Amino acid sequence: MLRRRPGTPTLEEVAALAGVGRGTVSRVINNAAGVRDTTRRAVQRAIAELGYVPNLAARTLAGRRADAVALVMTEPDWRQFGEPFFSEIVRSVGDALTETEVQLLLTLVRTDAERQRLVEYARGGRVDGVMLMSVHAADPLPDMLAEVGLPTVLLGRRSGDESVTYVDADNVGGARTAVSHLLDTGRRAVATITGPPDMYVARCRLRGYREALERAGVEARESWTAQGDFSADSGHRAMAELIERAPEIDGVFAASDTMAAGALGALRAAGRRVPDDVAVIGFDDFPLAQHTDPKLTTVRQPLEEIGHTMVRLLLEEMEEPSAAWRHVIHRTELVLRGSA
């Protein structure tokens, strides 16, 4: 028998000895399709020679699981945990797991060091899968988790070419419907408050806004667009900015209910009546939308269904890892209330 080297062999050492990449080693460990027999045998020989024991594979061979999944928020600002969107998703995911034996772990990942710690935690067999929310465009975490063979599902996506399983809402269509409603009811100077440009969801809602204006033959003026970060404070600031530089505005589409609620406050402070002077539409249909003054017209995205779908896809990938990514987009619906 070969003597085991001091220390714990790493995935990188296995890959180097076998002459393949980390991802190939992960696929062999997780018995995934798409690996040639000769390559698979080379990786297996390297694992045996180094005495490498991959935790996820060892747990599978033993017929055991952690019976836990992680819901990870990849947002640098702790305050975002208090936004309605995240509490609604946590609730819907928790409800979907109620009838299972799976525990839900919540965690926040903000830095490269925290990303690496999460990956090592997951590789250690402490969770069976991960759900990620609030993922920004350049975030490498989904790929890092996929590389180690951990079932992963995103809420939303990083781009139109997302390579990880995700669940999303029809953000373009929902925004287009909202802005079209404002135009159909006689509004001609319709502004928008966007989310962060490095989030695909924000870019999609901005695209829907622009498409609605274009279809109606209305020129999209740069002065009609202000940026927020999905928080109420940013909605208030963005609306105040819009009032100052484009006083002709008679309609506003905010890319979230919380920003729309902030916009209502700024309009009230400026003496603008809603909806008489300025009509306002949000996006999400949080409970918040029924407690603003006036009640908020909004685009409903089915967060309960989205949370349940995320859990279903993750549990299915845990049971039978698939080489194919799955992409699910839920329909949205315009809900009319007093603000528009």
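Guide: Two strands count as paired if DSSP finds at least two bridges between them, and both helices (H or I, at least four residues) and strands (E, at least two) are DSSP runs numbered from the N terminus. The model is predicted, so local features need pLDDT of at least 70 and side-chain atom pairs count only at pLDDT 80 or more, while totals for chains, interfaces and linings use all residues. Residues are numbered from 1 along each chain as its sequence is written, and side-chain values use heavy atoms, with hydrogens and water left out.

Visitor: What is the order of the six strands in the open sheet?
Guide: The pairing in this open sheet is mixed. Strand 7 (225–227) and strand 12 (333–335) are the edge strands, each pairing on one side only. The six strands are arranged in the order 7-6-8-9-10-12.

Visitor: Which residue in strand 7 stands opposite T192?
Guide: Strand 6 (residues 190–194) and strand 7 run parallel and are joined by three bridges. The residue in strand 7 that T192 faces is T225.

Visitor: Is D285 buried or exposed?
Guide: D285 lies in the loop between strand 9 (279–284) and strand 10 (297–300). Its relative accessible area is 16%, and since the cut-offs (1.4 Å probe, protein chains only) are under 20% for buried, over 50% for exposed and partly exposed in between, D285 is buried.
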